[in-house]
Amino acid sequence: MSLKKQYLFIKKLESLYKSSKSLASSIDMLVENEKNGFLKRAFRKISEDIKLGSSLHAALEKHNFIDETYLGLIKIGEVSGKLDTIFLQILDLLDNLINIRRKVIGAAIYPLAVISVYVLVIFVFVFIVVP
């Protein structure tokens, strides 16, 4: 799942968890509100696993939903009882990753544009001007 989708999932889950303090009901609300069929099915499976007694990190890991680093943090949050704080830390990490990725892509565009123009100019000289 992409970083943006992971960010949105954790953000929604954090908001719902803060308001209800029940993981199963929070994920059920995500199922009800999700329009994307793939995500809706995944949320439903995760909700079912949690209702059957599985922990959040085990349900997310079973369905390969988010990165292992964040799964470890969620496990720590579940054990310590600070899941809401962990959600905020994960959101900060994902936000930083998204911003860094955006900056790297932005920084790579300029050199690629210059190289493209350079190749185009050489092509014009070699095949049009010189002959």
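Phe 123 and Phe 127 stand four residues apart in helix α6 (residues 83–129), which means that about one helical turn separates them; helices here are DSSP runs of H or I with at least four residues, numbered from the N terminus. This is a predicted model, in which local features need pLDDT of at least 70 and side-chain atom pairs count only at pLDDT 80 or more, while totals for chains, interfaces and linings use all residues. Residues are numbered from 1 along each chain as its sequence is written, and side-chain values use heavy atoms, with hydrogens and water left out.

The structure holds three aromatic pairs, where rings of Phe, Tyr and Trp (its six-membered ring) pair if their centres lie within 6.5 Å, and planes under 30 degrees apart count as stacked, over 60 as edge-to-face and the rest as tilted. In one of them, the rings of Phe 9 and Phe 43 have centres 5.2 Å apart and planes at 25°, so the pair is stacked. This pair links distant parts of the chain, since Phe 9 belongs to helix α1 and Phe 43 to helix α3 (residues 37–51), 34 residues apart. Phe 9 is buried at 3% relative accessibility, and Phe 43 is buried at 2% (buried means under 20% relative accessible area, exposed over 50%, partly exposed in between, with a 1.4 Å probe and protein chains only). The rings of Phe 123 and Phe 127, with centres 4.8 Å apart and planes at 50°, form a tilted pair; Phe 123 is partly exposed at 46%, whereas Phe 127 is exposed at 56%.

Gln 6, in helix α1 (residues 3–20), is buried with a relative accessible area of 6%.

How values were computed: Helix = DSSP H or I, 4+ residues; strand = E, 2+ residues; numbered from the N terminus.
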